[in-house]
Amino acid sequence: MSHAHEDHVAGLGRYGAPVHAHEDDLAAVRSRAVMAAGYGLPPDATEQTEAMLRDRFHVRDRPDATGFTDGAVFDLGGGAP
C-alpha cells in the first residue's frame, strides 16, 4: 500500500495476498475503526464514516498487514526497474 486512503485499501479483504503498508499508515490498514477515527470527526460522524468505509468501499480489517519504512524495496518478480 502506498497509503491508507479508502480508495487504496478498498477490496483488500477479498484477497489472501500479503499486505504491506508504510508504518505511518499500518494501524489504519489493520483496523477500519482506526482509519475512521483518523479523520478527526465527531463521534457520530466517525460511526457513519466507518459504515461508509465498510459498505461503500468494502474496507475490512487486515490485522495481518506488515509495515515497511521509507526506502523499502520490493521484488516484484523481475519487472523492469
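Which residues are exposed on the other side of helix 4? Point 3 takes up this question.

1. Basis of the note. This is a predicted model, in which local features need pLDDT of at least 70 and side-chain atom pairs count only at pLDDT 80 or more, while totals for chains, interfaces and linings use all residues. Residues are numbered from 1 along each chain as its sequence is written, and side-chain values use heavy atoms, with hydrogens and water left out.

2. Overall architecture. The protein has four helices and two strands, arranged along the sequence in the pattern α-β-α-α-α-β. Helices (H or I, at least four residues) and strands (E, at least two) are DSSP runs, numbered from the N terminus. The C-alpha trace spans about 45 × 25 × 20 Å along its principal axes. Of the 81 residues, 28% are buried; buried means under 20% relative accessible area, exposed over 50%, and partly exposed in between (1.4 Å probe, protein chains only). Among contacts with a separation of 6 or more, 60% join residues 24 or more positions apart, contact meaning heavy atoms within 4.5 Å.

3. Helix 4. This helix covers residues 43-55, 13 residues in number, and reaches 18 Å from its first C-alpha to its last, close to the 18 Å expected at 1.5 Å a residue. The expected span is 1.5 Å times one less than the number of residues. A45, T46, T49 and L53 are buried in helix 4. Seen down the axis of helix 4, the buried residues fall within an arc of 100°, so they line one face of the helix; the arc is that of the directions from the helix axis to the C-beta atoms. An α-helix has 3.6 residues a turn, so residues three or four places apart point the same way. Helix 1 (6-9) and helix 3 (32-37) are included in what covers the buried residues of helix 4. In answer to the opening question, P43, D44, E47 and Q48 are exposed on the other side of helix 4.

4. D44. This residue of helix 4 is exposed, with a relative accessible area of 52%. D44 lies 40 residues from A4 in sequence and 22 Å from A4 in space, C-alpha to C-alpha.

5. V9. Residue V9 has its place in helix 1 and is buried, with a relative accessible area of 4%. Neighbours within four places in sequence aside, V9 is in contact with M1, H3, A4, V29, M35 and V59. V9 and L76, 67 residues apart in sequence, are 19 Å apart in space, C-alpha to C-alpha.

6. The cavity. The structure holds one cavity of 30 Å³ or more, and about 30 Å³ of space lies in the largest cavity. On a 1 Å grid over the protein atoms alone, a cavity is a set of points where a 1.4 Å probe fits but cannot get out, and lining residues have an atom within 4 Å of a point. The lining of the largest cavity consists of V9, L12, A28, V29, M35, V59, R60 and R62. By class, this lining divides into six nonpolar, no polar and two charged residues.

7. H58. Located in the loop between helix 4 and strand 2 (66-68), H58 has a positive phi of about 55° although it is not a glycine. Most residues other than glycine have a negative phi. At 36% relative accessibility, H58 counts as partly exposed.

Conventions. On a 1 Å grid over the protein atoms alone, a cavity is a set of points where a 1.4 Å probe fits but cannot get out, and a pocket is an open set with protein on both sides within 12 Å along at least five of seven lines; lining residues have an atom within 4 Å of a point. Grid points are joined across faces, edges and corners, and a volume is the space filled by probe spheres set on the points. Ala, Val, Leu, Ile, Met, Phe, Trp, Tyr, Cys and Pro count as nonpolar, Asp, Glu, Lys and Arg as charged, and the others, Gly among them, as polar.
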